[in-house]
Amino acid sequence: MSNDGIRLIVGLGNPGAQYEATRHNVGFWFVDSIARSAGVDFRPESRFHGELCRCVIGGRDLRLLKPSTYMNHSGRSVAAVARYFDIPLECILIAHDELDLPVGAVRLKQGGGHAGHNGLRDSISALGGRDFWRLRIGIDHPGDRSLVTGYVLGRPSGSDRQAIDDALFETERALDDLLQGRFQQVMNHLHAGR
């Protein structure tokens, strides 16, 4: 494990107003929230196939990325930014929706497989490795595999959205630790909840 902190946070999601409020876009919600708090705006960057912004938090340089390639091709955008700014895998955090966690739960982990998540699958392939960090944002499971696509592309209830927003707020409070590479402290903080 690297002692370096996170230098790039990628929010996975689908571009377009029709997807904005869907469960599959919780990664976008996370980076949007960080950008708002930092007072910075995303700008479309065609060479990176996405929207990018830069902020300084606690004296550390951080880039936030929202791929505009649609979920299944997210890796093209993530790899383009990582290569251009020379950001190693262990300094990348990818925030994504997680069916296997209850709504409002958030887990941090490094490495692992894609567990059927197309955005992660494409990112692993494009980056040529899996040692990046993942922020797994719980959206719960509809109970039947045949319902998953409609579920992730649907909107959460008001109470579920509030639970997710609360979890993202808690995660944002640990941002300084993420940027400083204090991953165990972040895990202790986030995993102590649900």
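Colleague: Which residues line the second largest pocket, and what makes a residue part of a lining?

Modeller: The residues are Asn14, Pro15, Gly16, Glu20, Asn25, Phe28, Trp29, Asp32, Glu51, Lys66, Pro67 and Ser68. Each counts as lining because it has an atom within 4 Å of a pocket point, a pocket being an open set of points on a 1 Å grid over the protein atoms alone, where a 1.4 Å probe fits, with protein on both sides within 12 Å along at least five of seven lines. Please keep in mind that this is a predicted model, in which local features need pLDDT of at least 70 and side-chain atom pairs count only at pLDDT 80 or more, while totals for chains, interfaces and linings use all residues. Residues are numbered from 1 along each chain as its sequence is written, and side-chain values use heavy atoms, without hydrogens and water.

Colleague: Which elements give two or more residues to the lining of that second pocket?

Modeller: Helix H1 (26-38) and strand E4 (60-67) do, these being DSSP runs of at least four residues for helices (H or I) and at least two for strands (E). H1 provides the largest share of this lining, three residues.

Colleague: How do the residues of this lining divide by class?

Modeller: Into four nonpolar, four polar and four charged. Asp, Glu, Lys and Arg count as charged; Ala, Val, Leu, Ile, Met, Phe, Trp, Tyr, Cys and Pro as nonpolar; and the others, Gly among them, as polar.

Colleague: Why are H2 and H3 called oblique to each other?

Modeller: Helix H2 (residues 74-84) packs on helix H3 (residues 118-127) at an angle of about 40°, and their axes are 7 Å apart. Angles under 35 degrees count as roughly parallel, over 145 as roughly antiparallel, 65 to 115 as roughly perpendicular and the rest as oblique. H2 and H3 are therefore oblique.

Colleague: Which residues of H2 and H3 meet?

Modeller: From H2, Ser74, Gly75, Arg76, Val78, Ala79, Ala82 and Arg83 meet Gly119, Asp122, Ser123, Ala126 and Leu127 of H3, contact meaning heavy atoms within 4.5 Å. Five residues of this contact are nonpolar, four polar and three charged.

Colleague: What makes H1 oblique to H5?

Modeller: H1 and helix H5 (residues 158-173) pack at about 50°, with axes 10 Å apart. That angle makes H1 oblique to H5. In H1, Val26, Trp29, Phe30, Ser33, Ile34 and Ser37 meet Arg161, Ile164, Asp165, Leu168, Thr171 and Glu172 in H5. The residues of this contact are six nonpolar, three polar and three charged.

Colleague: Where is leucine 89, and which residues beyond its sequence neighbours are in contact with leucine 89?

Modeller: Leucine 89 sits in the loop between H2 and E5. Leaving aside neighbours within four places in sequence, leucine 89 is in contact with Leu127, Gly129, Arg130, Asp131, Phe132 and Trp133. Leucine 89 and glycine 128 are 39 residues apart in sequence, yet 9.3 Å apart in space, C-alpha to C-alpha.

How values were computed
Axes are lines fitted to C-alpha atoms, for helices over the stretch in contact, and angles run from 0 to 180 degrees between N-to-C directions.
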